[in-house]
Amino acid sequence: MGRPVAGGPGPRAWVLRLLLGLAAWRGGAAGPSAVCSCCPGPVRNGSSVASYCAARPALELQGRCCLSREPEPELGVIVGLDLGNCSLTLLCAGFPDANTAVVIDLTENPLGNIPNTSFQGFTRLQSISLPRALECPGGNMAWDLNTTHGDSRTCQGQRNFCNSSGELAWLCPENSQCSPDGPGLVQCLCSGSYHGYKCLREGTFPLLLFYGILGAVTTTLSLLAWGSQRRKAKAS
């Protein structure tokens, strides 16, 4: 059903987020995601992505993607992804970059079963078209509509399991709240100023202290490595 997160970010998580943020910034500076070109050709005429993009002046087609032309931070964000008729047996490596997509088309591909975790973070997704043999991500309960036509299946209206009932409330620890994390997936996010394991710590995370210690440790290790290299150079 979902993946409850037992608490907020610890020191390792903050470092990981910093590195991921830098990587994302560098990727964004280089242009649209590689997922837009993982299949040759443009968005197919008549596809759900083409129709969605054509109906909205603030969007534009680029490669296999429909991108936002809205001001930052939405500029260049993937709104639609058409990977139909690409002879895919697996999703492209850059598929997670399309987690902002509202509409996705994966029809006419010999795809095997797609794990639900492939759509983790796809909270904006409202329509996905698949080969008929595949089930909707997260199962039928994750969508308002599940329709078939010819060789394709279309899943529309992603449901928010956190709002559908109170059954998931017990999954989240005290001082946290349920938050959608993609079709059929939920996560628990710490409320307000709570953080740490099971959201038991309250107050602002000591960023200055943490990065100060991290910088001191990094500098110390660098000096030790430099000194060790000098000793080896003198010994030789």
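Cys-178 is partly exposed, because its relative accessible area is 23%; here buried means under 20% relative accessible area, exposed over 50%, and partly exposed in between, with a 1.4 Å probe and protein chains only. The structure is a predicted model, in which local features need pLDDT of at least 70 and side-chain atom pairs count only at pLDDT 80 or more, while totals for chains, interfaces and linings use all residues. Residues are numbered from 1 along each chain as its sequence is written, and side-chain values use heavy atoms, with hydrogens and water left out.

The partner of Cys-178 is Cys-162, and the two are joined by a disulfide with an S to S distance of 2.0 Å. A disulfide is taken as a pair of cysteine sulfur atoms within 2.5 Å. The torsion about the S-S bond of Cys-162 and Cys-178 is about -70°, so this disulfide is left-handed. Because Cys-162 sits in helix H3 (residues 161-164) and Cys-178 in strand S8 (residues 176-180), the pair ties together parts that are 16 residues apart in sequence. Helices (H or I, at least four residues) and strands (E, at least two) are DSSP runs, numbered from the N terminus. Cys-162 has a relative accessible area of 16% and is therefore buried.

In total, the structure holds 8 disulfides. Another of them is formed by Cys-172 and Cys-188, whose sulfur atoms are 2.1 Å apart. Its torsion about the S-S bond is about -80°, so the link of Cys-172 and Cys-188 is left-handed. This pair connects distant parts of the chain, with Cys-172 in the loop between H3 and S8 and Cys-188 in strand S9 (residues 186-190), 16 residues apart. Cys-172 and Cys-188 are both buried.

A disulfide also joins Cys-136 to Cys-155, at 2.1 Å from S to S. With -95° about the S-S bond, the link of Cys-136 and Cys-155 is left-handed. Distant parts of the chain are again linked: Cys-136 lies in the loop between strand S5 (127-131) and strand S6 (143-149), and Cys-155 in strand S7 (residues 152-158), 19 residues apart. Cys-136 and Cys-155 are each buried.

Turning to the surface, Leu-209, Ile-213, Val-217, Leu-221 and Leu-224 form a nonpolar patch with about 490 Å² of accessible area together. Patches are made of residues with over 30% relative accessible area and no salt bridge, with like charges joined within 9 Å and nonpolar side chains (Val, Leu, Ile, Met, Phe, Trp, Tyr) within 5 Å. A salt bridge is a side-chain nitrogen of Lys or Arg within 4 Å of a carboxyl oxygen of Asp or Glu. Accessible areas come from the Shrake-Rupley method with a 1.4 Å probe, and for residues only the protein chains shown count as cover. Ile-213 counts as partly exposed because its relative accessibility is 47%.
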